[in-house]
Protein chains: 4
Amino acid sequence: MLIVMHHHATDEQILAVKNTVEAMGLRAEPIPGSMRTAIGVLDNQGYVEDSAIRELPGVREVIHVSKPYKLVSRDFHPQGTVVDVAGVKIGDGQKAVMMAGPCSIETEEQMHTAAQQVKAAGGHILRGGAFKPRTGPHSFQGLGVEGLKFLSAAGRAVGLPVVTEVMRIEQLDVVCQHADMLQIGARNMQNFDLLKEVGKRTHPVLLKRGMSATLEEFLAAAEYIVAEGNSQVVLCERGIRTFEKATRNTLDLSVVPLIRGMSHLPIIVDPSHATGQRPLVPVMARAALVAGVHGLMVEMHPEPEKALCDGAQSLDPQGFAKLMGELSRIEAFLAELDS
Amino acid sequence: MLIVMHHHATDEQILAVKNTVEAMGLRAEPIPGSMRTAIGVLDNQGYVEDSAIRELPGVREVIHVSKPYKLVSRDFHPQGTVVDVAGVKIGDGQKAVMMAGPCSIETEEQMHTAAQQVKAAGGHILRGGAFKPRTGPHSFQGLGVEGLKFLSAAGRAVGLPVVTEVMRIEQLDVVCQHADMLQIGARNMQNFDLLKEVGKRTHPVLLKRGMSATLEEFLAAAEYIVAEGNSQVVLCERGIRTFEKATRNTLDLSVVPLIRGMSHLPIIVDPSHATGQRPLVPVMARAALVAGVHGLMVEMHPEPEKALCDGAQSLDPQGFAKLMGELSRIEAFLAELDS
Amino acid sequence: MLIVMHHHATDEQILAVKNTVEAMGLRAEPIPGSMRTAIGVLDNQGYVEDSAIRELPGVREVIHVSKPYKLVSRDFHPQGTVVDVAGVKIGDGQKAVMMAGPCSIETEEQMHTAAQQVKAAGGHILRGGAFKPRTGPHSFQGLGVEGLKFLSAAGRAVGLPVVTEVMRIEQLDVVCQHADMLQIGARNMQNFDLLKEVGKRTHPVLLKRGMSATLEEFLAAAEYIVAEGNSQVVLCERGIRTFEKATRNTLDLSVVPLIRGMSHLPIIVDPSHATGQRPLVPVMARAALVAGVHGLMVEMHPEPEKALCDGAQSLDPQGFAKLMGELSRIEAFLAELDS
Amino acid sequence: MLIVMHHHATDEQILAVKNTVEAMGLRAEPIPGSMRTAIGVLDNQGYVEDSAIRELPGVREVIHVSKPYKLVSRDFHPQGTVVDVAGVKIGDGQKAVMMAGPCSIETEEQMHTAAQQVKAAGGHILRGGAFKPRTGPHSFQGLGVEGLKFLSAAGRAVGLPVVTEVMRIEQLDVVCQHADMLQIGARNMQNFDLLKEVGKRTHPVLLKRGMSATLEEFLAAAEYIVAEGNSQVVLCERGIRTFEKATRNTLDLSVVPLIRGMSHLPIIVDPSHATGQRPLVPVMARAALVAGVHGLMVEMHPEPEKALCDGAQSLDPQGFAKLMGELSRIEAFLAELDS
């Protein structure tokens, strides 16, 4: 931590800051400059609560150097984590994993059809939402537990692990019973109690970035899960909220190489939610693969025009199969390019 | 809903859109223009899922006119709702209500001292956090149920109702037992399950705006609570996330008059979280009062420099008392000004 | 400047950074911590170009402590600047100044009527645009030099100084001939050549904040003008661009007290552009006054419903007169409140 | 245009709106719905100024269907524009064009070296800034006209066309004399006078997206140039301003396929300014190529660690040559993939 004093701060004010820091059990090292003095704070074991310091007379600014995460940082754990979802591996050195399926589980038949289509096209994990977070209460809210059963049966039938969103702690037992991977949605990225509970389970977790979460907050949210003992966490960029409304969200693809450098956790991209427009999904999926993702999550619906949710951003089976073919060729090409 | 066709859309494409809309049980009214045709959709009873339409050939844009809320809209319920928190009234025609207290409940003594100070200065509702959402898992997380007891005892001792945040459904029973008003934090504004459960209770609710929530999403979140039967909801603007980092958040004060026009629910402002800086709190509290809030929520700590959380944005007891005196004079002045 | 090294940075890497800093003529002070080393950079006379340092092996982050402005900083010039616009004083200790008039100058008669109405209601400076920046080329672009003449004649007729926007350097001479104050619009806040030229004149300047400019960039833009010798600069907050589209922009009112602390330049607010909605203008003008502005700029049109530009956010003469009466009473009240 | 009335709007109010629209020479078509009436406005030849309508009693919202651009729209001109920069072709059906060179022109030797390195690696256009827009006035501001001469001489020596930024109208003649393509920087995207002047020239133009410009505003800015007669415009996405500060800007890569659909103008990406970090440049350049750009602009400096500007985001010659080799292989692969 660095404490920057005002240009006109007095020696007494600098001394008072030093004393306050030392009373917190830390070391304070004044660094006099030509225009102002700064005070380095040392010996802290992580993030320091700065309340006691920021408002002392003469203090202009407090700059934190420590981050609110450590366990998920590649700085401390250089080796990439490989997450195992019922045998499907996600992470450094693995092939890119495709998670696909409808936004929401609608009927038993829909899920079976979707599962066959995902499997046939070469997908690795089946997705589908049983509990749906919807902006307004008057929209379709999902099938609930019955939907979970349709999902797991469909996955079993074709031999694909399944991932689904858990929205509240009480759902955790039943979701764990039916799903191979737990998804934490963007709106729950800072639902810290849910993160902690998920951290106590052994199921791998797919953590979506909140729509206005900074990279730092995103990693700190993952830290909540890992700190409880569950390090099987996959991060997912799904677009952030900006002033631009031509797309549903703004896909922040640059975080892919950034996160690969900053964290040992795998990072995937969801181009369906990021763009909200079907024609953009394949092109952004291709770009994401080239940007270095460990996997992708896309919405695919047997009949998008009849979908109860997010049909406009769902691929149809033909579009999905075509995309899978392209991704496979791109991946082979990239392996050759980087060899 | 208005469906805008491309300039070069064919008659067949326009007809196909019309047929799709009618198959949904709605009426479609083509409006031919000089450059393109638009199709008005009628007879819908609220928000229409547009998945089936947006991707039809020739469609350029789908514009929603209906909003994802109705019950909270002043358009349908012109009369302002007055929320009653154990006798303290919040809403149109009432005096502005001050909710104050520390960010987090730390000790029994701290809460008793704070309660006396809030009461002495003329505050109306005591606040304090027992369950704390913190960005990183390595920060102080709150006292939990023990904290709730300190809070309610402190409130009772001085005769002030208390408000505290509930973070998860399982906490709801115990929080309802100790608190007079339930706070839903910004990070949970779209925790729809929590909203629904809170909507089934009779406790009044303080709903904070999510840090990247649009006004429309904010009102839709309130709609979740009201749709379950609980119309005792107070909205709270607490700053939104923008590119500007000189303040913790950007206080969006213009939403106060906007919400007063759009909704019958009361609206208050939290200048402490919005600015994150103690010196800005009183000035923005004054401005908010002039902008027409039904109340304010500020952080006040007996000893801010020793606070375990958000000390830098907490007023001290003297600053709080001074602010209360000013607000009281401003309110009297405004009554005279607008008379 | 503080250079933060990676956890695993080697002693050689730390030494290399130290050497690079010293080769730049600066002093480097390593501050070893429990988890990583930071290196303080001293003796710099302002902002340091960090290109040579940021990419050295082992460097995690470079944190700037110096700001890209100094002349406009209150840290270095505690005394508030009072700007004089043909006798109208703006700044600390002065009454709040009202600048008002139509968005664009349309006819000679319109400007004379507007001038009389502004004067009659107690306004201090007449505004009107002769050169209009419009998003698309097919909208009304302003009357140009003829408009300037209408504006200055109208101002002279009623004894009000006039302010108008200058969009390009070649217009500067003619604008200076007709106007008492030069306005730099939001879109030109970082038109650095224009800033420099304006800085060489003696006319006072009204500098509007860019719609996505940080406070730091805003003050750095003012620094451009002051650095050329013209310290008669008034800052104007007019709303920033955020994800929220319910208002035209998001009025960032908290910058008013912030700027009052950080800079000695006066700060005013333009609630017309900030909100884009006539009913919000008076309420936000009132709030801005309470937040501590040195003045206000509002759009007032003799017949808003016939305006060629921004009619929807313009007050009509009655609304303006009413607002002036209120502001005058608020100002008297505030003087009493703070005495 | 669609005018949405309030739920409780009276028949008189609806009639008044209809009359107002018709007085503007347009046709008004009321569309009664179950909850409210909307009024379609027809026969307009483009964007309609809505001031006279928005504030009429009973009006809730005015929704624009027409866009503030038309000439640049693919809707009206399906054929892609191919821009010719002294023989280098940019646009549909052409190979991706690489523009590269240092952020700023520093010395004659630096430019000659850079030109040889760009040429040797297979680059197509040489870039370099002679007039530099810098946030603060105390940073290096560029060499001016002398720099232009170094740039054009360096380009001629190796047979590469050159592109450079023009910041003000008075520079236009001299810049046109030395450069083959005129760059309009992000800060000038809405410097409408400059756009118009550039539109009167025959030089091709590189128009960078403003850092908080919507897609609509970006295309409307291009419309300014094309409306004056110069249709040789290349659009450039260079990152937008968001709350995320881990990268310099947020690269909005999804606009590439969007713009390809909406406009006939070529679109390129500048990954250097978008990310601000050298290690991210090659990976985002690769991703951009896959997303469908017609070209790229990257910063390359013979010795980035000695650059006077933006060294931290500049590639070195080796990194640039490596990237060019990769891009060439990717392009060949994509041609095969999409065939």
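A crossing of two helices is called left-handed if the near helix is turned anticlockwise from the far one by less than a right angle, and right-handed if it is turned clockwise. Keep in mind that this is a predicted model.

**Exercise 1. Helix against helix**

Task: Describe how α3 and α4 of chain B pack, from geometry down to residues.

Solution: 
- Start with what to report: two packed helices are described by the angle between their axes and the distance between the axes.
- For α3 (residues 108-121) and α4 (residues 145-158) of chain B, the angle is about 35° and the axes lie 9 Å apart.
- Next, apply the handedness rule: α3(B) passes α4(B) in a right-handed crossing.
- Now look at who touches whom. The α3(B) side includes B:Met111, B:Ala114, B:Ala115 and B:Lys119, and the α4(B) residues they and their neighbours meet include B:Phe150, B:Leu151 and B:Ala154.
- Finally, sort the contact residues of the two helices by class: eight are nonpolar, three polar and two charged.

**Exercise 2. A helix tucked away**

Task: Is α6(B) largely enclosed or left open, and what does it pack against?

Solution: 
- The count comes first: six of the eight residues of α6(B) are buried, so this helix is largely enclosed by the rest of the structure.
- The buried ones are B:Phe192, B:Asp193, B:Leu194, B:Leu195, B:Val198 and B:Gly199.
- As for partners, these buried residues pack against β10 (181-184), β11 (205-208) and α7 of chain B.

**Exercise 3. Chain B meets chain A**

Task: Work out which elements of chain B build its contact with chain A.

Solution: 
- Count both sides: 43 residues come from chain B and 44 residues from chain A.
- Then find the elements of chain B that give two or more residues, namely α2 (51-54), α6 (192-199) and α7 (215-227).
- Among the contributors, α7(B) supplies the largest share, five residues.
- Split by class, the side of chain B that touches chain A has 17 nonpolar, eleven polar and 15 charged residues.

**Exercise 4. Chain B meets chain D**

Task: What rotation superposes chain B on chain D, and what does their contact look like?

Solution: 
- Superpose first: a rotation of 180° with 0.0 Å of shift along its axis puts chain B on chain D, with an RMSD of 0.0 Å.
- That makes the relation one of a two-fold axis.
- Both copies use the same surface, as 100% of the contact residues of chain B recur in chain D.
- To locate the axis, go to B:Phe243, whose C-alpha comes closest of the residues of chain B, at 2.1 Å.
- In the contact itself, 21 residues of chain B touch 21 residues of chain D.
- On the side of chain B, the elements giving two or more residues are β1 (2-5), β2 (27-32) and β3 (37-42).
- Of the elements here, β3(B) gives the most, with three residues.
- By class, this side of chain B has nine nonpolar, eight polar and four charged residues.

How values were computed. Residues numbered from 1 in each chain as written. Chains lettered and ligands numbered in written order. Predicted model: local features only at pLDDT ≥ 70, side-chain atom pairs only at ≥ 80, totals over all residues. Least-squares fit on C-alpha atoms with pLDDT ≥ 70 in both. Contact = placed C-beta atoms within 7 Å. Helix = DSSP H or I, 4+ residues; strand = E, 2+ residues; numbered from the N terminus. Nonpolar A, V, L, I, M, F, W, Y, C, P; charged D, E, K, R; others polar. Axes fitted to C-alpha atoms, helices over the stretch in contact; angles between N-to-C directions. Buried ≥ 20, exposed ≤ 12 C-beta atoms within 10 Å, placed from the backbone.
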